[in-house]
Amino acid sequence: MSAPVKKSASPIDFDLGLVLHIFQKNVIYIVLFYLISLMSAMLYIRYQREIFKSSAVIQITNAGNSKVLDFGKVLETENGLDGVVELMRSRNFLKKSISQLPIQVGYFVKGTFKVNEQYKSSPYEIEDFKVHNPAIYGKSIFLKFKPNGQIEVSYILNDVRQAISARPNTLINMPDLQFKLAVNNLSIINDYQTNLKKDVFFFVINDPETMADPYIAKLEITVLNYFAKTLRISLEENNAKKTADIINTVATDFINYDVVKKSESAQKTIDFIDKQLSYVAIDLKDCEQKMQAFRKETKTSINRDFTSGYYYKIDNIEKELVQKKYQVNLIKDFIRQFNETGAIDVLSLQILGAEYKSDYFLMQKMRTIDDLNFKRERYLKEANPENKVIKEVESFIKKEKEELLKSLLLLELNLTQRISELESELKQVEIKLEGIPSIEIEFNRLNKLYSINESFYNSLINKKAEYSIAIAGFVPQNSILEQAVESRLPIYPNRNTIIATALGIATVISVVLLALRFLMFNNITSISEIKKHTDLAILGIVPKYKKEIPVSQLLVDKNPKSSISEAFRSIRANLQFISNESGAKVIAITSSISGEGKTFVAINLAGIIAFAGKKVIVLDLDMRKPKIHIGFDAPNVRGMSTILIGKDRFEDCIQKSALPNLQFITAGPIPPNPAELIISPIMDRFIEELKQIYDIIIIDNPPIGIVSDGIPNIQKADYPVFIFRANYSKKTFFENINTIVDEKNIKNLSIILNGVEAGGNKYGYSYGSYGYGYGYGYGYGYGYGYGYGYGYGYGYYEEDEAPKPSFLKRLFTRS
């Protein structure tokens, strides 16, 4: 019969049963991971500072009274949503808006693990404060309210602690600041200090120049719907009420900003008109005084109704002359201001636009400069002045200004020429009127001058009235569609997200643990694993004993109908398929290491065979670490060692067990040379003598994975048996057994899997057919409900001790 062929198993074979087995063995760690993760998540949620989010929605509308005066962009923004967004993002606008809120003094209460801001809910208030040292800005100033009504104020600045005691509502002077502290709700203060037993209140005075900056950086303005022209303003902050107040304040200020800016522009125009009215009024009064003086001097009463065509022509020429001179003065003022400052005044540009709105080229240049200035301001908010794009825009602005100035100079030249022409025409008409009496001519001249000034004065009055009507008609065209509300639930920490994350982390750790255990798993657990690694015959399995093993390890006589007894009966039946020849038989039992249960199997296999009427003797040849005497609870004064050295006769060393047909010989005193005694000729003669007396000789050999003492007996035995223990023996042991079978030419070696836990739903506990694997086609299937548990020493030799494994080693090797 040829030796079994060694099998090569895949390095990593996924086995669902093994995964379930490892899961069961590590379920306590997995539960612990989930408990720790959930506890950590709950603590994080409890003590992390909340972040709340508020948002408002506004809609931009371009309709209104701003185009009544037809100033184009003067009173109307045509830059669309981009311009609105840039305006709302501008630091000046946001700073002015946010600074209206009571945020210069921040009130806080300090708990055990976190700090909460008491925005508009502080039980005390800081009033009439004055900062002497700007370094105090942003520093925490702690308050301790004493039972006697005193308040201890303290802070640390430049590693120096400053402290003072004072009463509420009195001026508190300290080196770096002074203030009054008004107590609004003393009961709340007492409750806090009673519960926490420490200085829990403090306040912070913020720098008015920078106090809005943290909120500006967090403020988000996004286009919600470009076609509907809706914007969303949102902010994330630690205090829900403050977050909502900031958003609503910014939204309201923007709605009012449009009206304020348009009103300011119109008011500047009205101021300019008022200035011009004062000049015209002086001229008008001067003309009136001259006319009155002329009447007194000439003592004449002349009718003002001059119907002569000459007078009508003079009237038209003088009106146009006044108008052209006014336009020339506007252009000269504009050019002078530009030459002095290098900038274009918006108000002058507005007035020029109103005066020359029919000049398409001039109006186009003004709009182009306005657009470029707007782009430059927008780019400056995102880049420094040296940016290439900004430089390019400034170059375009300069070019457009130069072209505008050229156009204005050309227009001034044309106006000057026209004024000269009008003055020449006026002189020619006056020459033709020389024949008219001088008194009449002079009075007509004064009267026409008065009429011209009066007409211009009335024109300015009408302009002023138009602008005043426009100011009265300015109403907010943009609207708030959705106001910010105080959020009750924080966006962070998000309870559901954090708990889900914690469970995810616990799951990942558990999966990693199971994966590591699976990859590092090296224990033999089932018959199927044995079949994967070797073709050796499998005699059967021995279930694990749930109760404590008694001193006498012979169990089959205690309950002959137990699952263990049935298992050994199956093994006894399977032995006949290995060798069915007549005569006494030798069963040599060994294992790889100590603790796999070879002695237990030897004793109980001997007992079950003895039940069948066979005379059985058990020999303890594990003379380095004998256990047969312990298994039978017998003395070990003499035995195999004394027999093999010729000191005692074997008849004197045979001891009887509780079963009539079962006897045994213990190992005797531990010899210094057990290997030499076992291979001596005396051993062979001794076995032959026993065969004359007994039907079955069972030899408990040393573990061949540690020492080679038992190999000769394994080679000579009729039934060589190798013991594996479930969840104890390592898969690497298959290399040893296959090597020994090949190199030592051991025939008929069979395997018994010991210590298999019962239960068909557990990995390695359900076992189907198994049996002798040499073509006999015989096997059994079992599902036992009992088992046994015991342990042997870690080391084989006397000096070996089992080192206590570390926690990490137990964590990653427990199975």
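Which residues make a nonpolar surface patch of about 430 Å²? The legends below begin with the whole chain and then return to this patch.

**Figure 1. Overview of the predicted chain.** This is a predicted model, in which local features need pLDDT of at least 70 and side-chain atom pairs count only at pLDDT 80 or more, whereas totals for chains, interfaces and linings use all residues. Residues are numbered from 1 along each chain as its sequence is written, and side-chain values use heavy atoms, with hydrogens and water left out. The chain holds 24 helices and 25 strands; helices (H or I, at least four residues) and strands (E, at least two) are DSSP runs, numbered from the N terminus. Of its 815 residues, 45% are buried, where buried means under 20% relative accessible area, exposed over 50% and partly exposed in between (1.4 Å probe, protein chains only).

**Figure 2. The nonpolar surface patch.** Phe23, Val27, Ile28, Val31 and Leu35 make the patch. Patches consist of residues with over 30% relative accessible area and no salt bridge; like charges are joined within 9 Å, and nonpolar side chains (Val, Leu, Ile, Met, Phe, Trp, Tyr) within 5 Å. A salt bridge is a side-chain nitrogen of Lys or Arg within 4 Å of a carboxyl oxygen of Asp or Glu. Accessible areas come from the Shrake-Rupley method with a 1.4 Å probe, and for residues only the protein chains shown count as cover. Helix α2 (residues 27–47) supplies the largest share of the patch, 4 residues. Val27 lies in this helix and is partly exposed, with a relative accessible area of 34%.

**Figure 3. An open sheet of 8 strands.** The strand order is β14-β22-β21-β16-β20-β17-β19-β18, with mixed pairing. At the edges are β14 (537–543) and β18 (655–656), each of which pairs on one side only. Two strands pair if DSSP finds at least two bridges between them. Strands β17 (residues 616–620) and β19 (residues 662–665) are parallel and share 4 bridges; Val618 has Phe664 of β19 as its bridge partner.

**Figure 4. Helix α15.** Helix α15 (residues 563–575) is largely enclosed by the rest of the structure, because 10 of its 13 residues are buried. Among them are Ile564, Phe568, Ile571 and Leu575.

**Figure 5. Strand β2 and its partners.** Strand β2 (residues 105–110) is mostly covered, with 5 of its 6 residues buried. It runs antiparallel to strand β10 (residues 201–205), to which 5 bridges join it, and Gly106 stands opposite Val204 in β10. Strand β3 (residues 115–117) also pairs with β2 in the antiparallel sense, over 3 bridges. Here Val109 stands opposite Asn116 in β3, and the hairpin formed by β2 and β3 has 4 residues between the strands.
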